[in-house]
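Here is a short report on selected features of one structure. Keep the sequence and the model open while reading.

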Amino acid sequence: MRRGSGTAMKLFEYEAKDIAGKFGIPRPRGVVVETPEEARRAFESIGGPVVLKSQVLVAGRGKAGGIRFANSADEAYSVAKALLGSEIKGEKVLKLLVEEKIKVKRELYAGFVINRASKSYSYLASTEGGVDIEEVAERSPEKIVRGDVDPLEGLKEYEARYIARKMGYRGKQLVELGAIIKRLYDIAISYDGELIESNPLVETEDGSFVAADMKLIIDDNSLYRHKEYEARAKVPGPELTPLEARAKAAGLAYVDLDGYVGIVGNGAGLTMATLDLVKEFGGEPANFCDMGGTATVERMVEALEIVLSNPRTKVLLMNVLGGIIRCDEVARAVVKVKEKMGFAKPMVIRLVGTNEEEGKRILAEAGISSFDSMEEAAMRAVEFARGA
Amino acid sequence: MAVLVDENTRVLVQGITGRQGSFHTRLLKQYGTKVLAGTSPGKGGSEVEGVPVYDTVREAVEERGVNASIVFVPAQFTKEAALEAIEAGLSPIVLIAEGVPVLDSMYILAKAREKGVTIIGPNTPGIISPGLCKLGIMPAHVFKKGSVGVASRSGTLTYEIAAGLTRAGLGQSTCIGLGGDPLVGLSFIDVLELFRNDEETKAVALIGEIGGNAEETAAEYIIKTKYPKPVAAYVAGRAAPPGKRMGHAGAIISGRTGTAESKLEAFKRAGVEVARKPSEIAIKLKEALEGSR
C-alpha cells in the first residue's frame, strides 16, 4: 500500500527466460507467438511435441487452463486459437510461448528473494519443485535449503555448489546446478530483482537441468536504471480496477475496497489508520488513497477526483495532517473539486496544520464540515453514510 | 539524556543546495539543531542559510567536526551520499528519500553495519529529541520534551500520535521514524534496546503497520528480555485487504506474519498495551506511568 513499492514490476515468463538465456541458464527451445498460424510454424520448427504457455502475469495460470500441450502442427494451431484472446483470471492472453516438451525426471525449485529481516537476499532451493513452495515450506521444511547472501561479498560460486550439494547432487550435476543457481543470483543483482525463481527447474531424464519456468519481479524503484521496462511499468496491469489504474498513472497509492466511505489521507500510515477508524465506528471504507506526506495541490485534486468518481462513495472523509501542506490550499482544492464534479454527497474534512483557520473558513463558506480530531471526523463520516 | 541525537549532535546536511535541503536547513536551524556544514558537489565555498557548503563530506568533517548527517539528495543518488557519510564515520545518518532502490539500501545497510554506523531510513521523517535536536522533516511544534520514547514505521501518523501525547501532557525523550521501506536501518528491537538504556525514557510507544514481521519480533524481544518499561502499540492497517502486498517467497521467510491482527496478537501476548485508536496511545501510557508511580 505504499507508493513506489505497492506494485512491483513483474516480467512475463518469456521475458524472464530471455534474460536467463543471456546469462547462460539452459531453457527449453521455444518461440513467442501471437497468432495460431505462428503457433503452427513454431511446432514445425521445434519438430516434436510442444507445450503452449499463455503469457499472463496472474498466478495460477496452469490450474486455470492456460498451459496446454500439442502433438501435431494442427493441434498447435487449434490450441493456440483457443488460448489467444481468451481470458485467464480476467487477464487477456495476447502471446503464447511455444516450447519443446521436456522429458522430466524431477522438478526442483531455486530462487532468491529480498529478506527484510536479514536485510539481504535469501536463497531458497528444494527438490520438491513444480508446486507452491510456500506449501512445501509448511508441510516439509526439511526439504527446503535456505540461507542468506552477504550483500557486500555477493554469492560465491562455492556457496552455490553447497546449495546443489545440500539438494543431494554430486559430480557433473552438482557443478551444473551450482552454476545455474549462481546465474540466478547474478540476474537478481543485475536486474534489481525483488524475487527471482525457477519453478520448476527441471532435472531431465538425461540428467541435465532446464529452467522450465522463470519468474522475475523487478523493484519498481529501480526502473530508472532498467529503461527497457520503465515505460511498461506505467501501463496499468490487468489486476488493477479502472480507478486503481487511473490513480497509478497519477502516482497515487490507491486501492479499491468494497465499502462506501471514500477516504483520502496524507501519508500511508495516517491513511491506513483512517480506514481502521471508519471500521472501528462500524463503517466500511470504499477505498484507500494516500496522497503522500507532502502532497502538492495537483495531486490533491487528482486524488479527490478519483475518490469522488467512485460510485460506491456515499460520503468523503479526508484526513490531512499538514506539516508542509497548507490547509488553505487543501480547502480550496476541496471546494474546487466539489464544484467541478457537482458532488452533492456529504464531505467531512479533518484539517490540522499551517493556515488552519483560513482553511476552515473556506470550507465553512462552502458548507463543508471540518474537524480537528481525526476520530471525530471518522465518526461523523460514518454517521453521514448511515443517514445517506 | 535522549537517544542517538542530542545537544552534542553536530549536523551535516548532504544535498544542502537543493530545494528540500535548503528549506529544511532553515527549519532545523530555527529549531536549534546545530547545523554546522552542508555538502553539494561542485558548490563548495558557497553558503546556504549561513551554513558553509563543502564539496565533500571529508572536508566538512575536518573543518567543522560534524558527527551526524541528514541526506536530502534524490533517491537515485542516496547510495553515493550515504556511502560517503558512512566512510567518514558519521552516525546517525538519516536518509529522507522515498524510492531508494532496495538493492541500494541493502548495500548501504551492510556497509553501515560493517562500520558500526547507525542508519535511519530510508523513507523516513527522521529523528527528533525534543528540545535538544531535530534531525528530520517533522513539524516540530507537535513534539515536547519528556519521557516517552517513540518508534514508528510511519510519518504523518507519528505526528498524529506525538501530538496526542503532547496534548495529554506526555512529552517525548526521542521520536524515531524507522522508515517505510522494506529494508531500513533500525528495527523496533534496536530502538527498544536504546530506550531500555536511556534513563530519561520511562515508557515506549511503538507505531507499526501491516507487512513484514518487525512487530512480532519486537513482541518476542519484549517477552524474552522482560522489558522493564511500559510499552504501548498502535498498528495501522486492520482494514487493509489481505494479500495486497505479500510477496511470494517473502511470505515464507517472514513466516506468514504480515497482518495487523497477527501483530496485535503478538503485542498482547507480550503484555504490550494495544491501542485500537491512535488517541489511545496517550491514554494507555498515562495510565501505565501513573500506575507505576
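Is A:Ser126 buried or exposed? A:Ser126 is buried, at a relative accessible area of 0%. Buried means under 20% relative accessible area and exposed over 50%, with partly exposed in between (1.4 Å probe, protein chains only).

## Basis of the model

This is a predicted model: local features need pLDDT of at least 70, side-chain atom pairs count only at pLDDT 80 or more, and totals for chains, interfaces and linings use all residues. Residues are numbered from 1 along each chain as its sequence is written, chains are lettered from A and ligands numbered from 1 in the order in which they are written, and side-chain values use heavy atoms, leaving out hydrogens and water.

## Around A:Ser126

A:Ser126 sits in strand E9 of chain A. Strands are DSSP runs of E, at least two residues; helices are runs of H or I, at least four; both are numbered from the N terminus.

The A:Ser126 side chain reaches the backbone nitrogen of A:Glu128 at 2.9 Å. This side chain also reaches the backbone oxygen of A:Lys143 at 2.9 Å. Residues that A:Ser126 touches (heavy atoms within 4.5 Å) include A:Leu108, A:Ile133 and A:Met167.

## Helix H4 of chain B

Strand E9 (120-126) of chain A is also one of the elements that the buried residues of H4(B) pack against. Helix H6 (171-190) of chain A and helix H3 (78-87) of chain B are among the others. The buried residues of H4(B) include B:Leu103, B:Asp104 and B:Ile108.

After H4(B) comes B:Gly116, with a positive phi near 70°.

Methods
Polar contact = N/O pair within 3.5 Å; in protein donor to acceptor, adjacent residues only side chain to side chain. Lists of a residue's contacts leave out its neighbours within four places in sequence.
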